[in-house]
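Take a moment to look over the sequence and turn the structure around on your screen. Then let's walk through it together.

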Amino acid sequence: MDGPRHLVVVGGGMVAQRLVEALRDRDTAGTWRITVLAEEPRRPYDRVALTSFFAGRTPDDLALGDAALWDDPLVTLVRGDAVTAVDRQARTVTAASGRTYPYDHLVLATGSYAWVPPMEGADLPGVFVYRTLDDVAALRGYVTRLQEDRAHPVRGVVLGGGLLGLEAAGALDALGARATVLQVDTHLMSAQVDLGGGEALRRLINRIGIGVRTQAMTTRVHEHRRGGVGRVELADGTRLDADVVVVAAGVRPRDELARAAGLAVGPRGGVVVDDTCVSEDPDVSAVGEVACIQGACIGLVAPGYTMAEITADRLLGGSATFPGADTATKLKLAGVDVASFGDAFARTPGALEIVWADPVAGVYKKLVLSDDARTLLGGVLVGDASAYASLRPMLGRELPGDPSAFLLPEGTGGAPDLELPDDAGVCSCNNVSAGAIRHAVTEEGCHDLGAVKGCTRAGTSCGSCLPLVKKLMATELEKLGVTVSTALCEHFALSRAQLYDAVRVAGARTFTEVVERFGTRAAGRGCDICKPAVASILATTAPGHVLDGERAALQDTNDHVMANLQKDGSYSVVPRIPGGEVTPEGLIAIGEVAKDFGLYTKITGGQRIDMFGARIDQLPLIWQRLVDAGFESGHAYGKSLRTVKSCVGSTWCRFGVQDSVALAVLLELRYRGLRSPHKIKLGVSGCARECAEARGKDVGVIATDKGWNVYVGGNGGFTPRHARLLAEDLDTEALIRTIDRFLLYYVRTADRLQRTAPWIEEVEGGLDGVRAVVMDDALGICGDLDAQMAQHVEEYEDEWRATLDDPEKLRRFASFVNAPEVPDPSLAYVPERGQARPATPDERAAAATGAPVLVAGSTLEVRS
Amino acid sequence: MTTLDTDTTLDAAVPAPTWLAVCRLDDLARERGVAALVPDGPHGRLEQVALFRLVDDRVLAVQQHDPFSDAYVLARGIVGSRAVDGAEVPTVASPMYKQVFDLRTGVCLDAAGKQPVVGHGPDLRTWGVRVVDGTVEVAASTGGAS
């Protein structure tokens, strides 16, 4: 037998990636070697998630599948070399580099290009399309540069009110630009959604601050007198100021290679293929958006994946055929929930429509049913697409019970639980059925969402089916008798959130009371997991000093001595510097304390000063000095509010639009000492330039000229996250009320050591659910939350000052109970860059043998 | 006079312990530890000992040195209990990397996925403790080999 045959794939997009993955997965005998010729200079990436690039994801985050695929010896990926010609007689393709590749079979996966309508000025700098990572990166760069140059907010216009146009508008909005969508048609997303849905969608889009004009045909882009885009002109003569224009008016198949090679193309372009994805030349296939299959090109990834799977199957002698496209779509725009699936326009003869609309809430839902009102044919969900994941797999099947029940808001008890048949598709991106997910749980031992995703690939592309995957998994686990334990530890079977409620309602005040009432064993005395958790719960349900009575025994050493334990057993000390604002006298006082106690000093990321190397017995002496100088505890040791970072704001900055420092100080003094499931950090930026990096915080506030935008769920660390928009243009009073409620809702319901980002992912309804609770009081608890925060603010006291005033509490800080004057002899320091640092084990060993190593206790004099 | 927990099985060859008064029971908070300096061995070298007062006023002593971090910190750990073979065992968790130790025997019950530092085993040394008329006394072995 000869060596493997050669498959050449033209195009390096998502469908090409899937084809290679599918073929290498199944071609275990290695009958095909594959060369992928990609025009873009990178590996295939997730174009569907392009918009998430603005939410802080990097090109690497968008990488698809397992990178090891490209290390396979049978796979060659040539990047940055576009194919320029196909010679069907010689069976070769030629690339821009001049290289020629012979093929046994050729797959065209060239995708589409963004169509720019004919208009004057379309080639001006500042006109962008929205198709590739490079497009998106260039758009971001341009907007950022404008923001630095121009005094007014950047105005962006998006041509096209379809799926992509709305995502582009969302991206502009996320960049801090004012976006307006210009839609030629009568309503938004007119290819997927009917007029009623389009109207509801327009209200939702307006609500997040994006303007919409329908029946607006752009005829011309005018140049700004300083160059680049200045304004756009519409067919009716209206002119709109615009600093940047994004064209998202549709796509056209990139079929130029096929045309030049004499292959048949469809009436609206695209390589004509049969149901096996093969063109009129049996050695040439086309897949994805460039293929004209069953008479049309389809601009969605799921049908493209299906074509890739069919082609892989056919190349290996299989008999798969294209079943027809699943054109279900879901808009991926924060705060705007839209889904459309099946026969959304009720074109099936005799089809019935059931519509439920709530214009106040911005909800429009429609189900399309067969003439007997039983079989689901399609639907449109705007404003609340929570039913999408469970309804879409029911397409073409009979719905149990009254169909209208599926349209009522969640929690009104209407919709019956759907028991999906095994063959119902759950993840259309990756073609995963309900049965495959059940199998992964029952047979493959996948007992958490990550394992099920890894095993089945369900939910790994667009993610819209994840709620359903989670539900299916939970149902199967329940049947298996596997309980997904949310128990805090061996002493409590309750989760932290359940325990919080139990303690709050019961009004318990001590650990003994809590363990006797809610513990697994009344004799249990807790552990290092539940004791700090109970201490944290009691701190907000029954506020009191950390060292009061039995509560002292619950604290981790950091909270117990109100300092941060370091690797050698010494502690670090951080006084509060609200908003990062400090007087010269304050700085001098801190400097003198550090100098007198020989402490190593370092500026923290939270705009304050950390002093390291304090012995436990020195803490009260250090704090007496700090309190006398007007400082208070910075709670750097606590699972509690850390800092509110700020930029200098409008008082000094040429660009600032609000006084960010004043707000940061106000917020820091309001929430100081608030104990929570994990540390909480806030940030306040005085303008859209975001110098305080507020979107990297649990709560980030960014000034607008109308008020404050508040973002939630950001963090740095191991899994960095950007905060997402919770509410816009709030005045200071509404802002504080919103943050009050957000923080306490988090404090009440998060898991132990769960920061706000993962909490928002897991809490009922996600970010929208959080918004409903804190903005619209969906749970009716806001009065309670407001009262609880008022009590916190009222009862706050500096816990270090209170400790210094209480000799009983000070007894805890002795080095040795029988020798309180003797410092810990194990501590040893060496000088480095003019300060002290802990000696390494080698340095200690050398000193012990009398070698000339400078080792001393922590009062080491290092400054001459 | 109350004598609590003098649970030290002394070999006949080892001299009887010298009971050293270190503090008053009232100096100890329930379910917290303190560090004490106790002479150890024939040369009277001072050893750091961690003393813990349990909720039932028993006092137990283990080494202050944490074998997993090489720092002298165990007295600052959280005191709790763990069900071991049906019995409620008093424990302390290291404040550094959260290893859990049986306070009665010093045995490491949970290494939290870590190894002790070179030259140390995972388990802790223990000391006998008794409370006499409200005074806490530690069994200091000032005589024979340790």
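What follows is a short tour, from chain A as a whole to a few of its details, and then on to chain B. Keep in mind that this is a predicted model.

Let's start with the overall picture of chain A. It is 864 residues long, and 48% of them count as buried. Its secondary structure comes to 24 helices and 38 strands. If you take the contacts in chain A between residues at least 6 apart in sequence, 62% of them join residues at least 24 apart.

Now for the inside. How many residues does the largest nonpolar core have? The count is 143, and Val9(A) and Ile437(A) are the ones with the most contacts inside it. This core takes at least three residues from each of domain 1 (5-113 + 253-315) and domain 2 (127-249) of chain A.

Leaving out residues up to four places away in sequence, its partners include Val426(A), Val432(A), Val469(A), Leu472(A) and Met473(A). Val452(A) and Thr456(A) are also on that list, and both of these turn up again in helix α9 (residues 449-456) of chain A, where the buried residues are Val452(A), Lys453(A) and Thr456(A). Why do these three sit on the same side of α9(A)? Because they cover an arc of only 100° around the axis. Just after α9(A) comes Arg457(A), with a positive phi of about 70°.

Elsewhere in chain A, find Arg42(A), in the loop between β2 (32-37) and β3 (75-78). Beyond its neighbours within four places in sequence, Arg42(A) is in contact with Pro59(A) and Arg79(A). Leu133(A) is 91 residues away from Arg42(A) in sequence, yet their C-alpha atoms are 9.6 Å apart in space.

Time to cross over to chain B. Where the chains meet, 28 residues of chain B are in contact with 24 residues of chain A. On the chain B side, the elements giving two or more residues are β1, β2 (32-40), β6 (71-72), β7 (78-84) and β8 (87-93). β7(B) gives the most, with 6 residues. By class, this side of chain B has 17 nonpolar, 3 polar and 8 charged residues.

The last stop is strand β13 (residues 135-140) of chain B, which is mostly covered, with 5 of its 6 residues buried. Strand β1 (residues 18-24) of chain B runs antiparallel to β13(B), joined by 6 bridges. Strand β12 (residues 129-132) of chain B is also antiparallel to β13(B), with 4 bridges between them. Finally, β12(B) and β13(B) form a hairpin with 2 residues between them, and Asp133(B) in the turn has a positive phi of about 50°.

Technical notes: Residues numbered from 1 in each chain as written. Chains lettered and ligands numbered in written order. Predicted model: local features only at pLDDT ≥ 70, side-chain atom pairs only at ≥ 80, totals over all residues. Contact = placed C-beta atoms within 7 Å. Buried ≥ 20, exposed ≤ 12 C-beta atoms within 10 Å, placed from the backbone. Pairing = 2+ DSSP bridges. Nonpolar A, V, L, I, M, F, W, Y, C, P; charged D, E, K, R; others polar. Core = buried A, V, L, I, M, F, W, Y, C linked by C-beta atoms within 7 Å. Domains from an automatic or database assignment. Arc of directions from axis to C-beta.
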